[in-house]
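Work through the exercises below with the sequence and the structure side by side. Try each task before reading its solution.

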Amino acid sequence: MKKVIFLMSINFLWSCKNSIDDKPQSIHITAIVDITDEMTLLPNPDAILKMYDFNTDKNIEANFKICSLTDRQLNPDKSFHLPDNSVSEKDNIQDDPNYREKLIVVFYASIRKAITEFTASNKNSSLHNSECFRTIAGELQNLMIHRGDKNILLIYSDVQENSELYNCYKKNNQESLHKNPDDVFKIFDKAHLIPNDLKNITVIFAFAPKIREEDMRYMDMIKVYKGLLEQRGG
């Protein structure tokens, strides 16, 4: 049995103006949580907060968004924004030397609360359909529009599509996906939903399979996503 699988982290190339060694001036993190399956791995607030690395640089701009993956294409989300120090310091009218640190503490607390409330409200959810691809593609589009220097998309899902686009739960589709993943890749690619340029974005898939069959079906769909993402800059 596998407790947790961080199956893949696809690190896309930095744009020309940023080298790998450059410190990011802004960090955008989006977490997609699949509530169509009761067994979905849920986000860990501490792991997410460490990604901002304010201990290294307290001056960066930070954004966080958490949204649901459901049986619908449009879903509620929560977003939080911490402007960079040059902007936030304009509101420090009392010249508090700890003003920036206090803002970071509030930003952290907001993220913890949002994740905790999300987990509590959706832990018993179960839906018959799953709009995995459109939800993931939509958040990739949002990251490309509002992207910063460092952009991370976290996907907590088994990525088992069950929509008008494709149904991973049909026996014949499971066999086709396993034997000919390129055929399924073409179906998703022809939908033209994923942005063509995914440079400067890191995508991390996280899932905790309970049985070997879940693991295998997950791996088959990850091959499709891996191809779609790498084709666009990975």
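**Exercise 1: helix 4 and helix 7**

Helix 4 and helix 7 are roughly parallel to each other, and the task is to show why they count as such and to find which residues make their contact. The model used here is a predicted one.

Step 1. The axes of helix 4 and helix 7 cross at roughly 25° and come within 13 Å. Angles under 35 degrees count as roughly parallel, and helix 4 and helix 7 are therefore described in that way.

Step 2. The crossing of helix 4 and helix 7 is right-handed.

Step 3. On the side of helix 4 the contact is made by Cys 132, Phe 133, Ile 136 and Leu 140, while helix 7 brings Tyr 225, Leu 228 and Leu 229 to it. Sorted by class, this contact of helix 4 with helix 7 has seven nonpolar residues, with no polar and no charged ones.

**Exercise 2: helix 5 and helix 7**

Describe how helix 5 and helix 7 pack, giving the angle and how far apart their axes are.

Step 1. Helix 5, residues 171-179, packs with helix 7, residues 212-230, at an angle of about 60°, and their axes are 9 Å apart. That angle makes helix 5 oblique to helix 7.

Step 2. The crossing of helix 5 and helix 7 is left-handed.

Step 3. From helix 5, Gln 174, Leu 177 and His 178 meet Met 216, Arg 217, Asp 220, Met 221 and Val 224 in helix 7. By class, the contact of helix 5 with helix 7 has four nonpolar, two polar and two charged residues.

**Exercise 3: the largest pocket**

Find how much space lies in the largest pocket, and which residues are the closest to its centre.

Step 1. The space in the largest pocket comes to about 280 Å³. Its lining has 16 residues, of which Gln 73, Leu 74, Arg 134, Thr 135 and Gly 138 are the closest to the centre.

Step 2. Strand 3 (61-69) and helix 4 (132-146) each supply at least two residues of this lining, and helix 4 gives the largest share, eight residues.

Step 3. By class, the lining of the largest pocket has five nonpolar, seven polar and four charged residues.

Technical notes. Residues numbered from 1 in each chain as written. Predicted model: local features only at pLDDT ≥ 70, side-chain atom pairs only at ≥ 80, totals over all residues. Heavy atoms only, no water. Axes fitted to C-alpha atoms, helices over the stretch in contact; angles between N-to-C directions. Helix = DSSP H or I, 4+ residues; strand = E, 2+ residues; numbered from the N terminus. Parallel < 35°, antiparallel > 145°, perpendicular 65-115°, else oblique. Left-handed = near helix turned anticlockwise from the far one by under 90°. Contact = heavy atoms within 4.5 Å. Nonpolar A, V, L, I, M, F, W, Y, C, P; charged D, E, K, R; others polar. 1 Å grid on protein atoms, 1.4 Å probe; cavity = no way out; pocket = protein on both sides within 12 Å on 5 of 7 lines; lining within 4 Å. Points joined across faces, edges and corners; volume = space filled by probe spheres on them.
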